[in-house]
Amino acid sequence: MPAMTDPSDNLPTFILAFEEGALPLQAAALSPDFWAMRDEPLPGVLRLTYALITDEVLALVIIINAEPIKGVPCFAIGYAVPEEHRNNGFAKRAVDAALNELQHGFFRSGLKHFFVEAIIGEENTASQKIAATALSASFTTCNDDQSGLPARQYLREFKEG
């Protein structure tokens, strides 16, 4: 199981790079005001970054490949919203759009079956609510691999058809 990461840690750097025009963002296929970027931060690590952007960054969603589940590819999802934009539904909107974009892109490219998981700390109730509606109302209790802190794993399976 992958360790918890906090996309909020990457949010200030992403916003600064966006403001400087340094990101190779592309318009998302399905959602207006939604932008995407693909890169490989480490060899063999696919990172898909999605951002809800109007005049400024309203939400960030990061998806990376994780350990397969029973031989089926799995991707870990994390999300963050700048503090001044929280409690406006931007995280939910961004996560839903990112999952739609991910499913659309993978199915078009031939990947017809995959999982998406979120590993969320026990204390992060706001993120838990989003994961419960976007991924699964049920969760598995676990401990984070790196910190050892109590966490919840939310998991959703995607299949074409």
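**View 1. P12 in helix α1 of the predicted model.** Residue P12 is part of helix α1, which covers residues 11–19, and the model shown here and in the other views is predicted. P12 counts as exposed because its relative accessibility is 53%, and the class begins over 50%. P82 is 70 residues away from P12 along the chain, yet the two C-alpha atoms are separated by 8.4 Å.

View 2. Eight strands make up an open sheet with mixed pairing, in the order β1-β2-β3-β4-β5-β6-β8-β7. Strands β1 (26–27) and β7 (140–143) are the edge strands, each pairing on one side only. Strands of a sheet pair through backbone hydrogen bonds, either parallel or antiparallel. For β7 the partner is β8 (residues 150–159); the two run antiparallel and are joined by four bridges. Within this pairing, C142 has A151 of β8 as its bridge partner.

**View 3. Helix α2 across the sheet.** Helix α2 spans residues 90–109 and lies across β2 (34–42), β3 (45–53), β4 (57–69), β5 (72–80), β6 (113–121) and β8.

**View 4. The aromatic cluster around F114.** F75, F106, F107, F114 and F158 are linked by ring pairs into a cluster. The count of aromatic pairs in the model is seven. One of them joins F106 and F114, edge-to-face, at 5.1 Å centre to centre and with 85 degrees between the planes. Both F106 and F114 are buried. The ring planes of F107 and F114 stand at 65 degrees with centres 6.1 Å apart, so this pair is edge-to-face as well; the cut-offs are centres within 6.5 Å and planes over 60 degrees apart. F107 is classed as buried because its relative accessible area is 11%, and F114 because its value is 0%; the limit for this class is under 20%.

**View 5. S127 in helix α3.** Helix α3 is formed by residues 125–134 and contains S127. Is S127 buried or exposed? S127 is buried, because its relative accessible area is 13% and burial requires under 20%. Which residues does S127 contact once its neighbours within four places in sequence are left aside? They are Y79 and I120.

Terms used:
Residues are numbered from 1 along each chain as its sequence is written. This is a predicted model: local features need pLDDT of at least 70, side-chain atom pairs count only at pLDDT 80 or more; totals for chains, interfaces and linings use all residues. Side-chain values use heavy atoms; hydrogens and water are left out. Two strands pair if DSSP finds at least two bridges between them. Contact means heavy atoms within 4.5 Å. Axes are lines fitted to C-alpha atoms, for helices over the stretch in contact, and angles run from 0 to 180 degrees between N-to-C directions. Buried means under 20% relative accessible area, exposed over 50%, partly exposed in between (1.4 Å probe, protein chains only). Rings of Phe, Tyr and Trp (its six-membered ring) pair if their centres lie within 6.5 Å; planes under 30 degrees apart count as stacked, over 60 as edge-to-face and the rest as tilted.
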